[in-house]
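Q: Please take a close look at the charged side-chain pairs here. Keep it brisk.

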Amino acid sequence: MEEGRDDEDSSFSNSGDRDGGLSGCFFLDHVGEVFLSRNHDGLSWKCSDSSDCEGTTCLGIRNCENFETEIKFSDIYAVEFVNYGLVHSPKSGLRHAKECFRERLLYTQEMYRFTVHGFQSSPKEPCLWKLAAFTFGHMDLQTCQSWMDQLNYSLIKEVERPRYLLVFVHPKSGKGNGSKVWETVSQIFIRAKVNTKVIVTERAGHAFDVMASIQNKELHSYDGIIAVGGDGFFNEILNGYLLSRLKVPLPPSPSDSFNSAQSRASSSVAESGDAVHETDQKEHYPLLPDSVQEVMNFRTVNGSCEGVEYPDHPFTGGRPRFGLIPAGSTDAIVMCTTGARDPVTSSLHIILGRKLFLDAMQVVRWKTASTSTIEPYIRYAASFAGYGFYGDVISESEKYRWMGPKRYDYVGTKIFLKHRSYEAEVTYEEAESENSKASLHSRSKTWPFRNTSRSEKILCRANCSICNSKVGGNIVSTTPNSCPEKTRWCRTKGRFLSIGAAVMSNRNERAPDGLVVDAHLSDGFLHLILIKDCSRPKYLWHLTELAKRGGEPLNFEFVEYHKTRAFTFTSFGEESVWNLDGEIFEAHQLSAQVLRGLIPLFASGPEI
């Protein structure tokens, strides 16, 4: 900065560019005098005299070359005026930390101040967002107020940011710290001027009942629905919303999928790896209500609900966005959608209006037992459905809730030692070409019981090209009528240690890569994992691969893995239960289908 420059000119000047930029000199707290500029997409600054900043390394004073020198408006969540007070800057001549501590001198000055609140990504963990505050000082009040007005105007133009949220807090979630988590992050929402209506749940099913009974008019007054809890709590809120509102065709029952394929071939339903048979374009479903069949007959060829208007469909004018602040035992959904199991990071994703779409799994129970009458009962899952080992663990762990998250390790060991297997039949829609499927099945023939081949895996990240293709709010489901010329069904029957269907990778602290490392958040596929009955050492090897980063848990001959859009399940003999996003679900006969892009979520995906 030139000496002798007049105070008004040096402190504030309009740049006059077509973006309406501003620039001027300010004092940045703990840094010193900087030249601050506002451009079309954010703020940037540089030291007015680089010699004042060079080498300052103590008491929070950092070298300007290594200090944050810009922040985009999309990363700013609040700007606030902090009135008249002290601004700290390094005293000229102090070059080293030892000298700072010996002299204990900082140059302080009283002036008017405003603070820009944003975040900084952790250098080692880019998915982890830390709060960052930059306080700028100036001797002229009007200058500070002018900048405040301009910055707030820029923030108002940031679209998709919420202003009013409905928040459900599970006080006993995880380690019982749900209320404490909300108390901590609520201050960020207050600073960002985001209004909240908070409901602290008092019993199991409380959030479900509220979401099921709330009127659409009130629901649409909120910019989003937030859960402070774990995956199971999120599932409860999601089901409360969807069950009374979403109207899409049901997937076929196990008998439907079996009979439709059997009636079109000279042999029975194809076993895994055998030839499969096409279904006809139109088919009657004796187990489904007429109203549902009528909807199914209006399906488009690509399986989309686009162009199909449902009476009283609440999604026509847009769906409320959901958000999840982690306070659970596993928090797999947050790990997959933000990359970090951190309440502050999730809160910032919500406040800044980040957005992506999640697939959901519609699960229909047709029978609770072999002697039961057929009575369709619908539930939705956002991350995972598991039977056998997964169901036994979640069922048994209910007895040990007092242990907190450690109960899963304890109960998991007990269930592993019992080594139970269950007889079942699974049919699934083939989603790949016959050639690729043949390759998939041939891979299990290598010695001794592992596959030596490696295929390229495309991981799901922020701005994922796979998830962003052909999705933007259109709900896509799969039924035999959705893609009639391509629908093929396969069957597998036997004894299984576990059956799992993953909607996403399900990364968590116990499985750092998740169940399926390259599963995507919104690609329209379920990932069906069938673990056949095998010896304990083999199963332990599988679980060990699952628990380590870079493992190959699907690379065993006793593991069947299928990418599919729909599957059915029937159990025989002794039965386990299903685990739907951490909630117990009993079913003798069950079918499931993926609904692509069903759930709008406050998140942007994990960073690379």
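How many salt bridges does a search of the whole structure find?

A: The search finds 17 salt bridges, each a side-chain nitrogen of Lys or Arg within 4 Å of a carboxyl oxygen of Asp or Glu. The model is predicted: local features need pLDDT of at least 70, side-chain atom pairs count only at pLDDT 80 or more, and totals for chains, interfaces and linings use all residues. Residues are numbered from 1 along each chain as its sequence is written, and side-chain values use heavy atoms, without hydrogens or water.

Start with K72 and D41. Their closest N and O atoms are 3.2 Å apart. K72 sits in strand 5 (residues 70-72) and D41 in the loop between strand 3 (32-38) and strand 4 (42-47), so the pair ties together parts 31 residues apart in sequence. Strands (E, at least two residues) and helices (H or I, at least four) are DSSP runs, numbered from the N terminus. K72 is partly exposed, at 40% relative accessible area. D41 is also partly exposed, at 29%. Buried means under 20%, exposed over 50%, and partly exposed in between (1.4 Å probe, protein chains only).

Next, E396 and K414 meet at 3.4 Å, N to O. E396 is in helix 13 (residues 389-397) and K414 in helix 14, 18 residues apart. E396 is buried at 15%, whereas K414 is partly exposed at 24%.

K548 and E545 pair at 3.0 Å, N to O. K548 is partly exposed, at 39%; E545 is buried, at 7%.

Finally, salt bridges link D331, R341 and E509 in a network.
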